[in-house]
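Thanks for asking me to look this over. Here are my notes, point by point, to read with the structure open beside you.

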Amino acid sequence: MSTGATVITMKIDGKDFGGRADETILDVCRENKIHVPTLCFLEGLSGWGACRLCLVEVKGTNKLLPACVTKVAEGMEVTTHSPRLEKYRRMVVEMLFSERNHICSVCVSNGHCELQSLAVAMHITHINIPYRYPKLPFDASNDLFRLDHNRCVLCTRCVRVCDEIEGAHTWDVAGRGVESRVIVDLDQPWGDSQSCTSCGKCVSVCPTGALTRKGTGVAEMEKDDRFLPYLTRMRGSRT
Amino acid sequence: MTVDELQQIGEMEKASRRKCPNHLHVCVAAGCMSSQSEQVKEAMEGQVKTQGLEGKCKVKGVGCLGLCAAGPLVSAPERNFMYRGVTPADAAEIVAAAAEGKTVERLHCPMDVPFFRRQKRIVLENTGIVDPERIEEYIAADGYSALQKALSEMTGPEVIEQISRSGLRGRGGAGYPTGLKWSMVAKAGSSPKFVICNADEGDPGAFMDRSVLESDPHRVLEGMAVAGYAIGADRGYIYVRSEYPLAVQRLKIAIRQAEKLGLLGNGIFGTPFHFKIEIRLGAGAFVCGEETALIASIAGQRGQPRPRPPFPAESGLWGAPTLINNVETFANIPPILRNGGDWYAAIGTEKSKGTKTFALAGKVSNTGLIEVPMGITLREIIFDIGGGIPDGKKFKAVQTGGPSGGCIPEQFLDMPVDYDSLAKVGSIMGSGGMIIMDETSNMVDVARFFMEFCMTESCGKCVPCRVGTVQMHDLLKKIIGRQASERDVSLLEELCDMVKSSSLCGLGQSAPNPVLTTLRYFRNEYDVLLVREMEAVS
């Protein structure tokens, strides 16, 4: 299977690597086991570039670029880890913790949460940014699943998987700025949705305890999104 | 439409104008209309009829006459005279005097003052002179001759060559070289291509683009058509905010008139060039002024930016190569083509060519719309043209570039106004809003105001802007409430740095600018509000 894309060489953290011109910086990093933290990114979904955790330094531009959507180029020199990048990544995680009510100890996703894992990996034990403690609703109207806005990080994985893979486009985002939140159809209870197929893909790809299966207690909600790259590949091969 | 027909329309218009020796031009742009200029115009027209002065005096509506502070304005061009603060009750007296070739001294607005003398009008050359709702008047003022010249005498690359030579840089704020942008879109191989005019002017206190659209809409259409020809696009969109109903209405009239005369549409000037323009209305989101969010909005998507690259020149509207320029940039195109790129390049400074329009607002005597050559100093703009600070107050700072810009203190007033100098002091040229503040302004509160604006206008897509603007706003509120300590200011500075460096689009990347510049130049105003660590609210 040939994609016909040009092959390029580039430097990541001082070492030489090869890649294809249609790959992103993150693709090449992952192929070569170079760890770059991500949150909104999920293999199998379109790039979003919004969480800013995967920002990297690229020689020749003074702007930091998101590795998940930036295509590689011949001679590109990328730095994935620097004190400045580490600081900003830590602040992104702190900002997310401050934004909504992430109380790990009582969360069904405790121990299986990507936000929590990021914090652990960065040795975050407390945050320097004031907590906002917003009052947010909880939607348990669906027969099978729950939506807890308190745990949502607005990564829009649910929106993308529903639109791009399931094809239902049940999810979308309403409001703007810090008032943004994911909504079902035209902002109605999940249980009343006409478009939702209850396939559960959104729940599987949700990185936190925002979308969970009913019947799970604290720390019991384990998720598995490994089906996704396979599904994307198989759907792609049919078109 | 042929060249001869175009010239004929122009000649007929000029001849009909010569038939009447006295004209009265009533400003019917939004500024004066909000102080009843429409009624003034109606009263004057009524007086011409009741006094039986048809043929001796003609009343017409024109675009912005500039000195909005003194509105409603009426000008008598043959007498080189301007009236200020006109009410419908003054109509009879003014009309009677005009018919005899006289003026009413009581309402005189002197024109031999720096506000008018120091300006150089290129974008605004027809503003306040032509009736924005009549294409014939624009044609009589050499309108559409640049398009005709481009189509019949020049190739696309030759048009771009002239734009590049002119040194014109994008007037939307970032200052990207216009010729370079055009050549990039021209080079993009695929078709179709699109031309977009960004008329989503959203900076608080800015009204340059609105004034241009309300006063001389055809010049923007002509600039867009020239761009379409140069880059090989046959369709253009004007994205204008729906808060500008008058601009939208005049644009609609202008497009209809241009289509009727065959100046837009198929086979323009008998050449194979087609160009159509459609209007798209913004629904009131500041972020839609960001080009990728604007493009998403035109395509019917949620108005959110996406990471660049790819830039719109490569992949824009519906994935097609797209040229996107601001209103004022397009408005500069016709005169550049008429007079040549070198003519334009002779105006301004070495790196910033031509003129720039500014909207003067805030604590300045002459609030209004001005156009000045690049390189003029801030002091000349504020104190000569703007007439200084009213009520004997002292100047404190000038805010350029809206919520993305910075507050510039007195010590930099003699700095030339150009893209690079403004960037050096932590501000930006921006689209041209200029808010002047006097000694009574509290700079911490000014910073808080702009941060509140960015916070409510953040689209919420990327984390630094969505959460960072809220956190910064809360910290500023805490400082103003005398509940913050030195530590909070350090956190504020850290957040500024992080949000500036890691946000997805220009909104977040520039949101900290008002805070950073006020911290840099007015630190003492922060310091006096701080309390000791122990007293601070945690």
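1. A word on terms before the first point: a nonpolar core here is a set of buried Ala, Val, Leu, Ile, Met, Phe, Trp, Tyr and Cys residues joined through side-chain atoms within 4.5 Å, and buried means under 20% relative accessible area. Please also keep in mind that this is a predicted model. With that settled, the largest nonpolar core has 112 residues, and Tyr144(B) and Trp182(B) have the most contacts inside it. Helix 11 of chain B, residues 217-231, gives this core its largest share, eight residues. There is also a second, separate core, with 47 residues, including Leu118(A), Leu475(B), Cys496(B) and Met498(B).

2. Which residues does Trp182(B) touch, leaving aside its neighbours within four places in sequence? Its partners include Val159(B), Ile160(B) and Ile163(B), then Gly223(B), Val226(B), Ala227(B), Ala230(B) and Ile231(B). Leu323(B), Asn325(B), Phe330(B) and Ile333(B) are in contact with Trp182(B) as well.

3. Arg219(B) deserves a look of its own. This arginine lies in helix 11 of chain B, and it counts as buried because its relative accessibility is 0%. Where does the side chain of Arg219(B) reach? One backbone oxygen within its reach is that of Ala331(B), at 2.8 Å, and another is that of Ile122(B), at 3.4 Å. Setting aside residues within four places in sequence, the contacts of Arg219(B) include Glu125(B), Asn126(B), Tyr138(B), Phe330(B), Pro334(B) and Pro335(B).

4. Now to the place where the two chains meet. The contact takes 32 residues from chain B and 32 residues from chain A. Between them the chains bury about 2,600 Å², with 60% of that on carbon and sulfur atoms. On the side of chain B, Arg466(B), Gln471(B) and Met498(B) lose the most area to chain A, together 21% of what that side buries.

5. How many salt bridges does the rule find across the interface of chain B and chain A? There are two. Arg176(A) forms a salt bridge with Glu457(B), and the closest N and O atoms are 2.7 Å apart. Polar contacts between chain B and chain A come to 18 residue pairs, both residues at pLDDT 80 or more. Helix 18 (443-457), helix 19 (463-480) and helix 20 (486-502) of chain B each supply at least two residues of the side that touches chain A. By class, that side of chain B has 14 nonpolar, eleven polar and seven charged residues.

6. Met472(B) is found in helix 19 of chain B. Is Met472(B) buried or exposed? It is buried, because its relative accessible area is 0%, and the cut-off for buried is under 20%. Leaving aside neighbours within four places in sequence, Met472(B) is in contact with Met451(B), Leu492(B), Leu495(B), Cys496(B), Val499(B) and Pro512(B). The C-alpha atoms of Met472(B) and Arg448(B) are separated by 8.5 Å, with the two residues 24 apart along the chain.

7. In chain A, helix 4 (residues 157-166) is mostly covered, with seven of its ten residues buried. The buried residues are Arg157(A), Cys158(A), Val159(A), Arg160(A), Val161(A), Cys162(A) and Ile165(A). Gly167(A) follows helix 4 and has a positive phi, near 85 degrees.

8. Some backbone angles are worth checking by eye. Most residues other than glycine have a negative phi, and most peptide bonds are trans. His123(A) is not a glycine, yet its phi is positive, about 55 degrees; it lies in the loop between helix 3 (114-121) and strand 6 (138-139) of chain A. His123(A) counts as exposed because its relative accessibility is 66%. Leu154(A) also has a positive phi, near 55 degrees, and is found in the loop between strand 7 (145-148) and helix 4 of chain A.

9. Finally, please look at the prolines of chain B. A cis peptide bond joins Arg308(B) and Pro309(B), with omega about 0 degrees. The bond from Pro309(B) to Pro310(B) is cis too, with omega near 0 degrees. Pro309(B) sits in the loop between helix 13 (291-298) and strand 8 (322-326) of chain B, and Pro310(B) is found in the loop between helix 13 and strand 8.

Key. Residues are numbered from 1 along each chain as its sequence is written. Chains are lettered from A and ligands numbered from 1 in the order in which they are written. This is a predicted model: local features need pLDDT of at least 70, side-chain atom pairs count only at pLDDT 80 or more; totals for chains, interfaces and linings use all residues. Side-chain values use heavy atoms; hydrogens and water are left out. Buried means under 20% relative accessible area, exposed over 50%, partly exposed in between (1.4 Å probe, protein chains only). Helices (H or I, at least four residues) and strands (E, at least two) are DSSP runs, numbered from the N terminus. Contact means heavy atoms within 4.5 Å. Buried area is the accessible area (1.4 Å probe) that two parts lose on being put together, summed over both. A salt bridge is a side-chain nitrogen of Lys or Arg within 4 Å of a carboxyl oxygen of Asp or Glu. A polar contact is a pair of N or O atoms within 3.5 Å; within protein, one must be able to donate a hydrogen and the other to accept it, and residues adjacent in sequence count only if both atoms are side-chain atoms. Ala, Val, Leu, Ile, Met, Phe, Trp, Tyr, Cys and Pro count as nonpolar, Asp, Glu, Lys and Arg as charged, and the others, Gly among them, as polar.
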